[in-house]
Amino acid sequence: MKPSVKNTGKANNRDKDVSQPIQTATPQVVRLIKKTSRRQRRNIIAFSAFIAPNFILLSIFTFWPIFYSLYLSFFKWNMISPIKKFIGIQNYSSLMQDPIFWKVLKNTFYLAAGTVFIKLAIALMLALLLNRRMRGRNLYRAILFSPTFTTSVAVAMVWGWILDPTYGLFRVFINSIGLRSPNWLTDVHWALPAVIIVIIWRSLGYDMVFFLAGLQSIPKDLYDAAKVDGASRLQLFRYVTFPMLSPTTFFLTIVSVIGALKAFDIIAIMTDGGPLNSTNVFVLYLYQNAFEWFKTGYASAIALILFVLIMGITLIQTRLSKRWVHY
Amino acid sequence: MKRAVRDIIIISVLLMLALPAFIFAGAEEEAAPTGPIDIVYWRALTGAAGDTQDELVVRFNEAQTRVVAEAQFQGAYAELLQKLLAGLAAGSVPDVVLLDSPFVGLFAKDGALVSLDSFVAADKTDFDLTDYVPGLLQDGYYGKNLYALPFMRSTPLIYYNADMFREVGLPDRAPDTWDELREFSRKLTKVENGETARYGTAFTLSRSSAHWYFQGGVYAYGGQISDDQFGIHLQEAPAMAVAQLWQDMVMKDKIAIGSTDPHTEFLNGRVGIVFGSTGSMGSLMSRATFEVIGAFIPQKVQRLVPVGGSVLAMPSTDKTRQSAAWDFMKYMTNAASNSYVIQKTGYMPVTKSAANYPDTVAYYAQYPERKVAVEQLAYTRPQASVISLGMGTEILRQMLEKLLIGGLPVSQVMAETTAALEKEYNDSYK
């Protein structure tokens, strides 16, 4: 306490004050300072040693590719030629004029909106249903969760057969009850909805499990208190369940949106982006440009735009979350 | 204790840092100069065409002691291309690679392939370049240099379901002209309860070969998609006529469909006629539960088809391994090997000596219906120049999608496609 009082007393002569304590420090203090700095140094070494394995791998396989991709996006390069030709922002400007890119962008957002809202709503309903005491509850949960741990390639193949326009199971079923089935995967208007259905089906169980966990962590007393106050079931949901679940909902929204923006495997196998690019999405288009059409720089530009988009959307969501998420 | 922990941490960090060095050291390891030379061969394709390559590699290793070749499976043509790109970027490439024939130029242009001319000139064995069928050797050239030897070459064919032909009272032969194809398709089409249960023909919309059959149509009509100078001829009468015919058959007559997997439709009896490579003959005939017959692509003003299939090329970067790779390429395409390929898969003879090889002659005597591949060899021509552009095949596939699925007007589609191909050419070459 004393030195600080002394310092404030001589506030008009700062330089002197700062050097003062060190000059007048006793040998014990000097040792203490040395000791802590040695300990700090050791801490820093230990800290670096602990993060090094992760940091090195992340640098090689994540950070370096990101920066290299940014670099490549200013070049024209087919991966074969030894020469990378610098073309400035031409990749970006031709992207802006690429009608397929805009279509892909539209498809991606359509897919994101379609999957996220419908999927979360169904998952929440299922979670509410399966949170009640009922016979075979665990079996239902297991069944609904099972698509999540099925390989996406297998999911896509099987759904491809189910929705096949000529011999698909769905068509056989619909025809047998006297209706006409759309040509799901070969019709420009139906292919994207078909893909959305499959993606929802696959990740529904995952979201449901998170909602279940969220529901179970809501304290019983809140419901009891609300009931004492005469809340109806709808009011219980509106004023207790939903706000208490909001962190879970928020987490799932972000994860689902990112997942939808990164959709690739199921689409690549079910439709390969077709027909007429009606199901082509960001990552698939990026992949096609880079590895099928030898346009590495162009693909890198797409990757950068996707990066900025995901970052932006997540930031906006985090901002908005303050209004409706209660921790 | 503390010291021990610290030491462990330090050692593990050092190991982490050194790890990449070990990995790279492993990759750089060269074969000892004394032992046999190890070379790596990247193969593509599955089924009979894939097994045949593996078998030939085994035979090559047994036949001599200087070189040991290892076949590494890389997936379909397109996947192999992707891995080759990654390999080139990483500076680690196979010694010999199976390439889809139109892509020779793409890789040779940027120096990724070794020119074979010096090996041909220096070869002291009885190797004879003039033994190769000229039409097949031709697309191994880029500029004036040879970069690839023809290996599993094919021409497009049509395959028809002979049982279905008999059922609807069609003659027991393939449609000879494009007009006849339309007529036959109409007879084969079956409508049940207002829905078409069976179509006459399935046009291919798959990424790998959609463009190929369309080229066949354009050649038959006396035109071409593009010339050697990359002039695009899609808006001329022959290409326009083929596009119009295909679209009318799908959209107006409803006697044909465009499909990304036409062979499955064919094997399930949903269509009567499909297009396919000569290389698919073995697999289609063995899988079908009905009689399959392969025949020429229909003609119009002439009979002419674009030749396809694969070639062997050499990306090897090491002088010793290059000479070993050359031995391997010669072995894979010699008369005995080629005759084995012909018998197992239905691909075409690539040399005159393979065509006259006793086994080949005996094989065709036993299965005369498979001879169609050799007979069509007389009417072949390399593919359009635009196929060698990175996105060339894809632009043509999109064109067919617009025609057969989108139903857009032919003149508009052809104009758009021409513009896209011209842009792609400028992107690739300028």
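How many bridges join strand 1 of chain B to strand 2 of chain B, and in which direction do the two strands run? Seven bridges join strand 1 (residues 37-43) to strand 2 of chain B, and the two strands run parallel. The model is predicted: local features need pLDDT of at least 70, side-chain atom pairs count only at pLDDT 80 or more, and totals for chains, interfaces and linings use all residues. Residues are numbered from 1 along each chain as its sequence is written, while chains are lettered from A and ligands numbered from 1 in the order in which they are written.

**View 1. The five-stranded sheet of chain B.** The strands of this open sheet follow the order 2-1-3-14-6, with mixed pairing; two strands pair if DSSP finds at least two bridges between them. Strands (E, at least two residues) and helices (H or I, at least four residues) are DSSP runs, numbered from the N terminus. Strand 2 (67-73) and strand 6 (148-154) of chain B stand at the edges with a single partner strand each, so one side of each has no neighbour in the sheet. On average, neighbouring strands of this sheet are turned by 25° against each other, direction ignored.

**View 2. The crossing of helix 9 and helix 18 in chain B.** Two packed helices are described by the angle between their axes and the distance between the axes. The axes of helix 9 (residues 210-220) and helix 18 (residues 392-406) of chain B come within 8 Å and cross at roughly 75°. Axes are lines fitted to C-alpha atoms, for helices over the stretch in contact, and angles run from 0 to 180 degrees between N-to-C directions. The two helices of chain B are therefore roughly perpendicular (angles under 35 degrees count as roughly parallel, over 145 as roughly antiparallel, 65 to 115 as roughly perpendicular and the rest as oblique). Ala210(B), His211(B) and Phe214(B) of helix 9 meet Thr393(B), Leu396(B), Arg397(B) and Leu400(B) of helix 18. By class, this contact has four nonpolar, two polar and one charged residues (Ala, Val, Leu, Ile, Met, Phe, Trp, Tyr, Cys and Pro count as nonpolar, Asp, Glu, Lys and Arg as charged, and the others, Gly among them, as polar).

View 3. Chain B is divided into domain 1 (37-153 + 308-376) and domain 2 (156-306 + 389-429), with bounds from an automatic or database domain assignment. The C-alpha centres of these domains of chain B lie 28 Å apart. In this interface, 20 residues of domain 1 of chain B are in contact with 18 residues of domain 2 of chain B (C-beta atoms, placed from the backbone, within 7 Å). Elements giving two or more residues to the domain 1 side include helix 2 (47-63), helix 3 (77-90) and strand 14 (308-313) of chain B. That side of domain 1 of chain B has 11 nonpolar, six polar and three charged residues.

**View 4. The contact of chain A with chain B.** This contact takes 22 residues from chain A and 23 residues from chain B. Helix 3 (27-72) and helix 13 (282-292) of chain A each supply at least two residues of the chain A side. Helix 3 of chain A gives the most to that side, with five residues. By class, the side of chain A that touches chain B has 15 nonpolar, five polar and two charged residues.

Notes: Two residues are in contact if their C-beta atoms, placed from the backbone, lie within 7 Å.
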